[in-house]
Amino acid sequence: MHITVCLSQQKPEPWQEGLQAALPDATVSVWQPGAAAADYAVVWAPPQAFFDEQPGLKAAFNTGAGVDALLGLRVAPSTRLVRLDDAGMSVQMAEFACHAVIRHFRELDAYEADVREGRWSYRKPRARADFPVGVMGLGVLGERVARALTVFDFPVHGWSRSPKTIDGVRCHAGEAQLDTFLSSCRVLVNLLPLTPQTQDILNRRTLGLLRPGGYLVNLARGAHLVDEDLLALLDSGHLAGAALDVFRTEPLPAGHGFWNHPKITLTPHTSARTLREESIAQIARKIAALQRGEPVAGEVDRQRGY
């Protein structure tokens, strides 16, 4: 059994070493153009040339939760695409999302600004009932975030393509319930997969449905958001602010309107990072299962896009 590693913007050698230790009977190599055919691949943002040269792959394992980059490539129909189920990302996403929501709700950003100016200030506490939070996307990460937010007694709504049931969360599903979901929320956390149907879904119309003084937390993909529409809604006062971790172009270009906007908090795509050891253990288990002819969780449905 031959496993090849092709990772953009990451050092592949630690992954190679970890996979070799986890699967000692396999041959694990770092992919180079012209390399020998492999049975399995571990990838992140591989070039098209990789799949052109590896048409016989049984499966390609994506080291992140989002698979939109893979689905934009030509991949042999016989190659199964498999994403990570969690591998430590859901707890990171939950803590990041809760921090962003609570920071806004408690006005900690305003207190920080006052302290920088040497002001000792006071703000009247706000009621959680006035800050219903909506989570768009209720997959592994979204469900964990929604459950975590209920711990802080926020009213929590969720929206997904297909119906879901989560204790303490009012769930909405499908296009028919999207507007009802949005108009129920004052804070919106986006964790949708990026597909042709969800690209640009955060726009002037949809964000305009949030309750006045709404707040956006985008942790999924930059292409979900129409940048100009967000800026217009912030400048009009309909939205109170936004916390953005993902962008259409990364790194965010110099001079972009997000950089110095007083109502926007930026972080450099760091809400949930892939944890290598946990990921390698999961991939090794899945490869062993596939070798035995067993099904594995996380296989991508190419028609749905996730």
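Is Asp 179 buried, partly exposed or exposed? Asp 179 is partly exposed, because its relative accessible area is 33%, and the buried class ends under 20% while the exposed class starts over 50%. The notes below cover the rest. Please keep in mind that this is a predicted model.

1. **Asp 179 and its partner.** The side chain of Asp 179 forms a salt bridge with that of Arg 205, at 3.1 Å from N to O. Asp 179 sits in helix H7 (residues 178-183) and Arg 205 in helix H8 (residues 204-208), so the bridge ties together parts 26 residues apart in sequence. Arg 205 is partly exposed too, with a relative accessibility of 45%.

2. **Domain layout.** The protein chain splits into two domains. Domain 1 takes residues 2-87 + 274-292, and domain 2 takes 89-266. Their centres, computed over C-alpha atoms, lie 32 Å apart. Eleven residues of domain 1 and seven residues of domain 2 make the contact.

3. **Buried area between the domains.** Domain 1 and domain 2 bury about 720 Å² between them. Carbon and sulfur atoms supply 50% of that area. On the domain 1 side, the residues that lose the most area to domain 2 are Ala 65, Asp 68 and Asp 86. Together these three account for 57% of what that side buries.

4. **Polar links across the interface.** One salt bridge is found across the interface of domain 1 and domain 2. Four residue pairs are in polar contact there. The side of domain 1 that touches domain 2 consists of five nonpolar, three polar and three charged residues.

5. **Asp 68 and Arg 221.** These two side chains meet in a salt bridge, with N and O 3.0 Å apart.

6. **Asp 52 and Arg 74.** The structure holds 14 salt bridges. One of them pairs the side chains of Asp 52 and Arg 74, at 3.8 Å from N to O. Asp 52 belongs to helix H2 (residues 48-53). Arg 74 lies in the loop between helix H3 (68-71) and strand S5 (80-83). The pair thus links distant parts of the chain, 22 residues apart. Arg 74 counts as exposed, because its relative accessible area is 59%.

7. **Arg 292 and Glu 294.** Their side chains form a salt bridge at 3.0 Å, N to O. Arg 292 is exposed at 55% relative accessibility. Glu 294 is partly exposed, with a relative accessible area of 35%.

8. **Gly 257.** This glycine lies in the loop between strand S11 (239-244) and strand S12 (264-266). Gly 257 is partly exposed, because its relative accessible area is 39%. The C-alpha atom of Gly 257 is 8.6 Å from that of Asp 227. Along the chain, Gly 257 and Asp 227 are 30 residues apart.

Methods. Residues are numbered from 1 along each chain as its sequence is written. This is a predicted model: local features need pLDDT of at least 70, side-chain atom pairs count only at pLDDT 80 or more; totals for chains, interfaces and linings use all residues. Side-chain values use heavy atoms; hydrogens and water are left out. Domain bounds come from an automatic or database domain assignment. Contact means heavy atoms within 4.5 Å. Buried area is the accessible area (1.4 Å probe) that two parts lose on being put together, summed over both. A salt bridge is a side-chain nitrogen of Lys or Arg within 4 Å of a carboxyl oxygen of Asp or Glu. A polar contact is a pair of N or O atoms within 3.5 Å; within protein, one must be able to donate a hydrogen and the other to accept it, and residues adjacent in sequence count only if both atoms are side-chain atoms. Ala, Val, Leu, Ile, Met, Phe, Trp, Tyr, Cys and Pro count as nonpolar, Asp, Glu, Lys and Arg as charged, and the others, Gly among them, as polar. Helices (H or I, at least four residues) and strands (E, at least two) are DSSP runs, numbered from the N terminus. Buried means under 20% relative accessible area, exposed over 50%, partly exposed in between (1.4 Å probe, protein chains only).
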